[in-house]
Structure formats: C-alpha cells, structure tokens
Amino acid sequence: MIPLSWYLILAAALFSIGLYGVLARKNAVAILMGVELMLNAVNINLVAFWRYLDVDTVAGQAFALMVFAVAAAEVAVGLALFIALYRRRGTVVADEIDLMKW
Amino acid sequence: MTVEQFVFLVFAVITLGAALMVVTDRKVIHSALWLILSLFGVAGLYVLLNAGFFAVVQVVVYIGAIAILFIFAAMLTRKAMEDVGPQVNPGWPAAALIGGVVFVALAWMLSHWGQFMALPPAFADDTPTLTQLGVALVSPDAYVIPFEIASVLLVAAMVGALYAAWGKKK
C-alpha cells in the first residue's frame, strides 16, 4: 500500500523541477519542456486524488483528460510560434525575443 | 517494503532523474530525449494508480505526439543556439532557489493536511472506470460542455499553429 503522500511529494518535486526549467533555461523550446513537466505533475495529482479520495466518480479523470488536451494545444501553438520566430528573426533565445518590450 | 512500493520508487527515480536531466542538459535535443524517459515514468505511475487508460493516453499523446513535436522543433531551430555558451540565464541560482522554496512550501502545506497519509480504498479489477469516464464525457449532466470546448480549443490551436508556422508569402 502506497500512502497518498508519496504521490503528492513526487508531483511537488516534478513541478518544482519544471518551474526551475521554465525560469532558468535560455532556449524557448527548453522552456516549453519545463511547462510540460509542470503539467505532468498536475496530472499525477489529479489521478492520485481520484484514486485515493474519489474513486466512485470520474471527476479527477475527466479533468486530467482536459489537461491533456490543453497541453497538446499549448505545445502545438508554442512550437509553431518559435519556428515562425526562428524563420523571421533567427533566434529562439528567450532574452532576445523582446519585440514587444516597451 | 512491499513490491508495490519498490515499483513506485523505481518509477519515481526514473521520472525525477530524467526531469532533472531535461532542465540541466546542455543540448536541447538531449533534453527532448530525457523528456520522453520522464513521460514514460509518469505512464508507469498511472498504471500503479489503476488508471491504465491514462497510461496509454500518456504514451500515445505525450510520447507519440508532443515529444516528437519537441524533437522536430529542436532540430528545426538547431542553428540558433549551436549548443555552445551558457544554456541558462545568469540568474539561474535565483531560479533554483525559487524552485526549492516552492517544493518546501508545497510539502509543508500538504503535510498539514488531514488526508496526507490516506491509503487507497479497495479497487476491484472489473470496475468499469473507462465506461464511466466515457459516459461522463458525453453526458449533459456531467462534462459534455468542457469536452466540446476542448475539441474547439484543439481545432483553434491547429488552425493557429498552421497560420503561425506558414512561410512568409513574398
């Protein structure tokens, strides 16, 4: 029997690692990878809460499925933007993408 | 320690170790490959949580589609970074500090919650979870609106991605 705490601590660690990646990496593609890690941590939590506290209804699973759809949409749009940006300005370094900075 | 706990620890080490490599590896293409391993670890955790459907969706959607998209993007933007020079911002110690503080805060907050050490309720192997989920997703009493909105979101994302990545018309 695995206590719920193991899953929660694992998800918290995965979220923090993803957060570090988002904040520290220079490459915009690598920043999106950090976002994916954070979304996975959220999904682990949703499915774990469903299994441990709410196994009779499927609310946790339904929300996890929505997170999957949002993650897929976010990656498709984000990577398309970076590829377009790379074509026009020749960079994917987040620091140099400051066109809209006042 | 039971077999289940040992398997959990194996998957946890795979997930977290690969995630650490994702955020620290110098080459973006290597980061994408580590990301695949990390997502596999999460799929294993879904199996331990009696959510086999999610393990399959994790492999098909995350590893089959999203990770491949990352690999394509890393290859298409290869020349921009050249994988030389620093791959992290000068302020990365602050980022590591923020990550650590968030982890400690989450762990502290969760450990003061009553159900923190909850054990899983019994789960019969023939529970029709997938049937329940499928019915709930198309039932007007449950999640049909979020489900349809997710479909619209995916279509919008596809159109937007095509528009953004389309070559410049001369």
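1. Of the 102 residues in chain A, 56% are buried. A residue is called buried when 20 or more other C-beta atoms, placed from the backbone, lie within 10 Å of its own. Please keep in mind that this is a predicted model, where local features need pLDDT of at least 70, side-chain atom pairs count only at pLDDT 80 or more, and totals for chains, interfaces and linings use all residues. Residues are numbered from 1 along each chain as its sequence is written, while chains are lettered from A and ligands numbered from 1 in the order in which they are written.

2. On confidence, the model has an ipTM of 0.90 and a pTM of 0.90. Chain B has an average pLDDT of 86, with 94% of its residues scoring at least 70; pLDDT is the predictor's confidence in each residue, from 0 to 100.

3. Now the fold of chain A: three helices and zero strands, giving the pattern α-α-α along the sequence. Helices here are DSSP runs (H or I, at least four residues) and strands likewise (E, at least two), numbered from the N terminus.

4. Chain A is more spread out than a compact globule, because its radius of gyration of 17 Å is well over the 13 Å that the globule rule gives for 102 residues. That radius is taken over C-alpha atoms, and the rule is 2.2 Å times the number of residues to the power 0.38. Along the principal axes, the C-alpha atoms of chain A fill a box of roughly 55 × 25 × 25 Å.

5. Next, the two chains together: 61 residues of chain A are in contact with 73 residues of chain B. Contact means that the C-beta atoms of two residues, placed from the backbone, lie within 7 Å. On the side of chain A that touches chain B, H3(A) gives the largest share, 20 residues. By class, that side has 48 nonpolar, nine polar and four charged residues. Ala, Val, Leu, Ile, Met, Phe, Trp, Tyr, Cys and Pro count as nonpolar, Asp, Glu, Lys and Arg as charged, and the others, Gly among them, as polar.

6. Helix H2 (residues 28-53) of chain A packs against helix H3 (residues 52-76) of chain B at an angle of about 170°, with axes 11 Å apart. H2(A) and H3(B) are therefore roughly antiparallel, a term used for angles over 145 degrees. Val29(A), Met33(A), Glu36(A) and Val47(A) meet Phe54(B), Ile66(B), Phe70(B), Ala73(B) and Ala74(B) there.

Terms used. Axes are lines fitted to C-alpha atoms, for helices over the stretch in contact, and angles run from 0 to 180 degrees between N-to-C directions. Angles under 35 degrees count as roughly parallel, over 145 as roughly antiparallel, 65 to 115 as roughly perpendicular and the rest as oblique. A residue is buried if 20 or more other C-beta atoms lie within 10 Å of its own, exposed if 12 or fewer, and partly exposed in between; C-beta atoms are placed from the backbone.
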